[in-house]
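This briefing is for a reader who is new to the structure. Please look over the chains first, then read the points below.

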Amino acid sequence: MSLEELAFLVLAGIAIGTALAALLVRELVHTILWISVFFVALSAIYFLLQADFLGILQLGVYAGAVTILLLFGVMVTRKRIFSREAATGIGPFPLALALVSVVILAGVASGLPTQPASVQTYAPAMLSQELFTTDGGWLVLLGLTMLSALAGAIYLVREGRE
Amino acid sequence: MTDFVVAQFVGLSAALLGIGLFGILTRRNFILLLIAIEIAINAAVLNFVYFAGFATGPGGVSGQAAAVVIVGLAATEVAVGLAIVLALNRQRGSINVAEATTLRQ
Amino acid sequence: MVPVLSLLLLTLLAGTVVTFLAGRRARWVALATSVGFLFETLWLLDSYTSWPGRSGALGVPQYSDGESYAWISVPWLHINYTVGIDGISLILILLTAFLQLATVVYCWTESRRPSAWFGLVLLTCLGSFGVFIALDVLLFFLFWEATLIPMFFMIGFWGGPRRRYAALKFFVYTHVASIVMLVALLAVVFYAHAASFDFSDIYIATHSSGFPIVTQAMLFLALFFGFGVKFPIVPFHTWLPDAHVEAPTGGSVLLAGLLLKLGGYGLIRWAVEVLPQGLAHTSWIVYGVAFASIIWGTVLSLSQRDLKRMIAYSSINHMGIVLLAIAVYSSLGLLAAVLLMFAHGVVSGLLFMASGSVHHTFGTRDIVTLRGITPRTPVLATMIMVGSLASLGLPALISFPAEFTALLATWDRLGYWVLLPLVILVVTAGFYLWMMQRVLFGPPQNIPEKAHDVDVYETAGMAILVALIILYGVLPGFLVNVIVNSPVYGFP
Amino acid sequence: MGAFDSLFQWAFLVPLFPLLGLVIVGFFGDRMKKAEFGGWVAVAFSGMAMVLGVLIAVGEALTPGRYTDVSYAWLTLPGTQSVFSNGFSLVMGTLVDPISALMLIVVNVVGFLVMLYSIEYMHHDKGLPRYYAELSLFLVAMNGLILSDNLLEFFLFWELVGVCSYFLIGFYYEKPSAASAAKEAFLVTRVGDVLFLLGIFIYFATYATSGGGAGWAASGFKFTTGSTPFLGSLVGSASSPTLTIAGLMMLAGAAGKSAQFPLDVWLPDAMEGPTTVSALIHAATMVAAGVYLLAVVSLFLGFTADDRLAIVAVGGFTTIWAASMAVVNTDIKRVVAYSTISQLGYMVLAVGAGFAMVGLYHLFTHAFFKALLFLAAGAVIHAVGTQDLLKMGGLGKSMRITSIAFLIGALSLSGFPGFAGFWSKDDVLASVYSQVGAHPLYWPFLLCALATVFLTAYYIFRAWFLAFSGDHPRDPTLPHGHDAPWAMRLPLLVLSVLAAVAGLFAFLPSFSSLLPGANVPPVYGSTDLVLTAVSAGLGLGGIGVAYVMWGNGRVFQLPSGSPLQGARTVLLRRYYMKDAYDWIGLHGVYRLARAADFVDQFVIDGSIRGIERAFSSLSNGMRRLQTGVVSDYAAYVVTGLVGVLLFFLFVAPWIFRTMGGG
């Protein structure tokens with residue numbers, strides 16, 4: 001087991017653990033903390049996969065902005081700090097559903113090659129060249145969506161609308 | 001060059017997707033719903049990244065490009081989600097998903 | 001030569017349109033159209049002396065007065081306006097003409113929206129006339145549906161208390177059946193790779209050797225269902241009593257007189273002639289259904305209290321005998337089937353008119369409460385008696401030659417099975433006599449003061465039918481010699 | 001050809017005259033000043049028919065033979081593969097031959113007399129035009145039936161006669177009992193007619209091609225082509241089961257119309273009609289049509305041995321069956337009606353034994369004395385207004401002529417030596433006796449016939465004594481009886497004479513050619529004399545016993561305790577046959593119909609409504625799924641996803657393997 005594999009396994013364990021914790025813990029603020037740890041773990045995995053730019057991006061966008069946004073959302077919508085989140089009366093159905101889908105995907109995964117393979121690294125220049133030339137269209141689309149999302153969000157939360 | 005086993009990565013993203021789904025289906029609070037969705041999306045981005053990595057040949061980089069775009073999208077999605085949360089909160093006072101059924105009639 | 005059939009179709013079409021627009025004078029236009037149509041049909045009748053016979057190796061039945069104009073011709077689909085008549089369709093056209101005239105005269109004093117009423121009456125007759133002359137699948141289906149719409153409105157608008165339910169039920173039953181029929185017909189055309197939608201092309205295609213027997217049997221059963229529901233055959237008959245009870249008198253005369261015959265004609269023309277092997281292999285099903293209809297119709301009419309409902313069930317019995325005559329698949333059987341259809345059309349028309357007048361005069365059709373109406377309304381009583389005696393097959397009246405030939409054909413094919421319809425004949429006589437004894441004879445009971453005998457129009461309408469019953473009862477030769485000039489002759 | 005051929009051409013006029021009468025009375029009857037005018041028109045036309053009929057009969061008597069005329073193709077039908085392959089046409093025509101000539105006399109003479117009688121008898125009834133129209137229609141149908149020359153034409157008029165009896169029995173339609181009697185008569189005869197029709201099918205289908213040449217069908221199923229019975233020769237040898245069944249069907253038809261054993265329920269009830277109708281239809285003519293049918297079939301088409309046994313059995317048993325019911329009945333018309341049934345039994349017995357002509361001979365004589373009895377009874381009812389024998393009594397003094405007429409009829413009926421009944425009844429007994437040797441099975445039925453001779457004499461004289469002997473009517477309130485006016489008296493006189501001498505006609509040389517069969521007129525061998533003596537003795541014995549029990553005003557009271565009382569009620573209730581039929585009709589058929597109606601409404605219709613309800617509940621169910629909660633929708637999406645995954649991962653490869661692999 002090379003060092004990297006060990007690192008990967010640890011990081012994967014952390015990711016799954018924090019994800020579960022984020023969803024199961026009662027305190028809303030705690031979920032925000034757990035989810036930020038989850039994002040950091042993911043960015044670490046990206047670094048592991050030689051996708052440095054993405055790692056940074058993940059850190060910046062998710063670990064930073066999204067977590068803060070969520071925190072902000074939590075703060076606004078709660079009457080009292082640390083109010084406990086009511087456990088939902090959920091039936092076994094969704095749990096079974098999630099488990100089944102995981103099992104299926106794992107089943108599919110088993111078909112993949114199991115012997116180790118090397119990971120390619122790409123220079124950020126290649127990435128940016130890819131983004132701005134062949135995948136230019138996606139970028140423009142991304143831009144447009146962001147713009148409209150912005151307008152929509154402003155419209156939704158503006159004052160004076162009864 | 002670091003060597004990894006693809007299956008492990010796929011297993012990881014499958015697990016993350018499972019957790020995401022579980023979150024979506026069970027949690028009644030809107031914000032938690034958003035978080036669960038974020039987890040599921042990250043599972044997908046992870047897929048893109050490691051397949052980009054394991055791809056042989058120059059085309060692989062488009063995987064990372066796609067990952068970038070999706071991360072961007074996910075961010076906007078959270079923003080809009082929160083806008084909805086705020087609006088919902090102001091109008092209905094609670095952000096419990098089960099009560100927001102006005103669309104049903 | 002003169003395109004007679006198109007001319008006829010034109011007169012009826014023009015008449016219908018003008019009647020709709022004619023407002024107060026609608027009844028006169030309707031009368032003119034029906035009289036004109038009757039004369040043209042009579043002219044056609046005596047000009048139709050011989051049948052062009054069968055041509056080609058496969059013995060494709062030809063049609064006299066045939067016309068054919070291309071309608072839709074696409075490389076892979078040829079549909080054209082083909083019309084033509086032979087002995088079978090001519091007799092049924094004659095029935096349409098007579099019933100049309102009788103109904104128009106009978107409903108002369110219709111006060112509620114007369115223009116719409118007479119227009120619908122003419123439209124139904126137009127539709128059934130079209131069905132009898134159409135020799136193209138699409139044209140046939142077009143006219144078939146054309147009869148459905150006016151009848152729906154007649155029952156729906158002028159009907160009795162539960163008319164909406166009855167109209168809807170009637171429409172759904174018949175429409176579903178006609179869709180099955182259309183699909184089956186199209187399947188026959190395309191499956192057998194017929195050159196065009198024409199009857200003769202289909203005939204050639206289905207009779208060429210390549211057509212597998214199993215498909216023929218399946219398609220025949222589908223067609224049998226499609227036509228059977230209109231017959232009506234037993235499991236799918238429940239729409240008829242409801243439709244009749246709720247329909248206005250004129251409506252139920254046309255419904256019993258014409259629409260039921262469409263099913264019979266369609267079965268003979270498009271199912272038995274086109275797929276003879278089909279019938280041969282599924283004959284035991286058709287026999288079973290025919291016997292079931294005969295028994296079921298009669299047994300049920302025994303227990304009915306409403307006069308119209310009783311007559312409706314007895315027409316199920318009669319049409320069961322028609323189905324039996326067709327299923328026997330011999331020239332004698334087909335002749336009997338057509339003759340019986342004509343007879344039943346006239347007789348049930350008269351009976352429905354009479355029961356309509358009873359309802360109009362005494363306010364009720366309930367056999368149990370009506371008692372001894374003869375002293376107060378002798379003319380109406382005689383009409384009911386003639387209708388009932390004709391319906392139970394009295395010799396000097398029209399149904400006897402038809403039933404005699406039908407039962408002879410059944411004996412010829414099925415042997416002692418014929419005892420079943422014979423016993424049913426006695427039961428039919430039973431409930432008609434019970435009705436007559438209860439309604440006509442016996443001491444008069446709860447007769448309203450204002451009850452007066454039928455007025456001159458109703459009498460005239462019914463007199464036409466009574467004249468027919470007696471004329472064709474004493475001299476059935478006129479009908480039989482015409483029917484024989486048709487494909488019936490080539491049958492085994 | 002004979003001198004009278006030109007006369008036989010006009011044979012079709014015989015049914016035509018009453019038809020004219022019917023048309024005139026029917027359409028102009030009620031417009032005439034007095035209702036009787038319609039009656040006189042009808043009488044005139046039936047008189048013409050009688051004159052022509054008798055002329056034809058005399059002509060036929062002088063030059064016996066078969067004359068067919070007037071052929072109109074009524075129905076030309078295409079042949080079918082299996083039978084009458086080249087099609088056949090049913091041709092209507094008239095056939096004058098010895099037996100139809102005989103019947104012409106009977107029907108038209110009695111018809112004319114009854115018409116004349118009913119002018120006076122129906123004088124104060126309303127609806128006279130309808131009465132005379134229906135009576136004329138009956139004469140048309142009956143004459144048509146006699147002159148028809150093939151089975152189908154026979155059946156046509158046969159059913160028309162049935163309808164006329166339906167109208168005439170139901171003449172007083174406002175009386176519920178009359179209306180139900182009419183319906184019962186028509187229904188019971190219709191049962192017979194339907195089986196008769198089946199017999200026709202069998203004859204037509206099985207014998208279409210037989211008989212040489214183009215076959216029987218080509219000639220339109222005429223009764224006969226040559227002088228010998230057409231199928232007789234064929235039948236004698238082969239006793240094929242189908243032919244036996246056809247014969248039985250004919251017997252069933254005849255039993256229906258002539259009220260023989262199983263189907264005799266309707267005749268006693270048919271007395272609801274006016275007495276003149278009973279006299280004409282239910283005594284002399286219509287009921288005789290059944291016997292005429294059997295005679296025609298046995299002469300022209302031929303019965304097998306089994307058929308003959310069946311016919312003898314039915315005839316023989318009916319004689320005693322009806323006579324026993326007549327013994328206890330107290331209604332004068334019903335007594336005579338039962339006697340008609342039992343006398344018809346004699347005729348059927350004779351035809352069954354193979355002596356069709358003897359049967360017709362008895363029919364000939366019976367028509368006259370039975371019509372006489374009915375008309376005399378009619379006169380009594382007309383005078384005293386009641387039909388109950390126990391109320392009458394001592395009318396002999398006040399109604400001298402009627403009582404004498406009734407006496408002559410009674411003597412003739414009971415076979416008093418010298419009278420008409422004696423000759424024909426003995427001839428029947430003699431002919432059956434001659435067959436007993438060859439067919440031992442005929443014995444019991446001969447014994448029944450002999451026993452009935454005694455019973456007949458007994459019940460008819462019981463009626464006579466009850467009505468006419470004694471010095472005063474038992475019921476004082478009875479209006480004073482007086483003899484009928486001349487219009488009714490004349491027919492009584494004529495019929496009395498005929499009842500007395502009709503038997504002797506057979507001995508006239510020319511007349512006997514009308515009855516060319518064996519044993520007619522009765523020829524007396526040694527054994528016959530013994531038999532005649534026995535039957536005459538039985539007759540006289542019957543009269544004596546009747547005198548002892550019921551003579552001059554005595555009323556015989558059965559001791560209440562005696563077992564015979566039970567027997568009396570059974571006989572009075574007609575062996576509960578009528579109740580059995582009513583029970584079957586009411587409980588059996590009607591209940592079945594109600595059950596069927598229930599099934600039809602709720603099972604068949606219900607199933608359709610059921611489908612409709614199923615669809616609406618399905619759509620309701622779907623509606624509940626839309627809860628509005630976001631996560632539910634997410635759950636549905638995921639379920640769909642899982643489903644698709646499962647399909648592609650597991651099911652598709654499996655299908656591919658099975659299909660692709662195959």
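The model is predicted: local features need pLDDT of at least 70, side-chain atom pairs count only at pLDDT 80 or more, and totals for chains, interfaces and linings use all residues. Residues are numbered from 1 along each chain as its sequence is written, and chains are lettered from A and ligands numbered from 1 in the order in which they are written.

**The helix pair in chain C**

- Helix H1 of chain C covers residues 4–21 and helix H4 of chain C covers residues 114–133; helices (H or I, at least four residues) and strands (E, at least two) are DSSP runs, numbered from the N terminus.
- The axes of H1(C) and H4(C) come within 8 Å and cross at roughly 160 degrees, where axes are lines fitted to C-alpha atoms, for helices over the stretch in contact, and angles run from 0 to 180 degrees between N-to-C directions.
- The crossing of H1(C) and H4(C) is left-handed, that is, the near helix is turned anticlockwise from the far one by less than a right angle (clockwise would be right-handed).
- Residues of H1(C) that meet H4(C) include Leu5(C), Leu12(C), Gly15(C) and Phe20(C), and those on the H4(C) side include Ser115(C), Leu122(C), Phe129(C) and Ile133(C); residues are in contact if their C-beta atoms, placed from the backbone, lie within 7 Å.
- By class, the contact of H1(C) with H4(C) has 14 nonpolar, six polar and no charged residues (Ala, Val, Leu, Ile, Met, Phe, Trp, Tyr, Cys and Pro count as nonpolar, Asp, Glu, Lys and Arg as charged, and the others, Gly among them, as polar).

**Chain A and its partners**

- Chain B has 64 residues in contact with 71 residues of chain A.
- On the side of chain B that touches chain A, two or more residues come from each of strand S1 (3–4), helix H1 (6–26), helix H2 (30–54) and helix H3 (61–92) of chain B.
- H3(B) gives the most to this side, with 22 residues.
- This side of chain B has 45 nonpolar, 15 polar and four charged residues.
- Strand S1 (residues 117–118) of chain A and S1(B) run antiparallel and are joined by two bridges; strands pair if DSSP finds at least two bridges between them.
- Ser118(A) has Asp3(B) as its bridge partner in S1(B).
- Chain D and chain A each give six residues to their contact, and the chain D side has five nonpolar, one polar and no charged residues.

**Backbone exceptions**

- Most residues other than glycine have a negative phi, and most peptide bonds are trans.
- The peptide bond from Phe231(C) to Pro232(C) is cis, with omega near -5 degrees, and Pro232(C) lies in the loop between helix H8 (213–228) and helix H9 (239–246) of chain C.
- Arg113(C) is not a glycine, yet its phi is positive, about 45 degrees; Arg113(C) lies in the loop between helix H3 (87–106) and H4 of chain C.
- Arg113(C) is partly exposed, with 14 other C-beta atoms within 10 Å (20 or more count as buried, 12 or fewer as exposed and in between as partly exposed, with C-beta atoms placed from the backbone).
- Ala259(D), also not a glycine, has a positive phi of about 50 degrees and is buried, with 30 other C-beta atoms within 10 Å.

How values were computed:
Contact = placed C-beta atoms within 7 Å.
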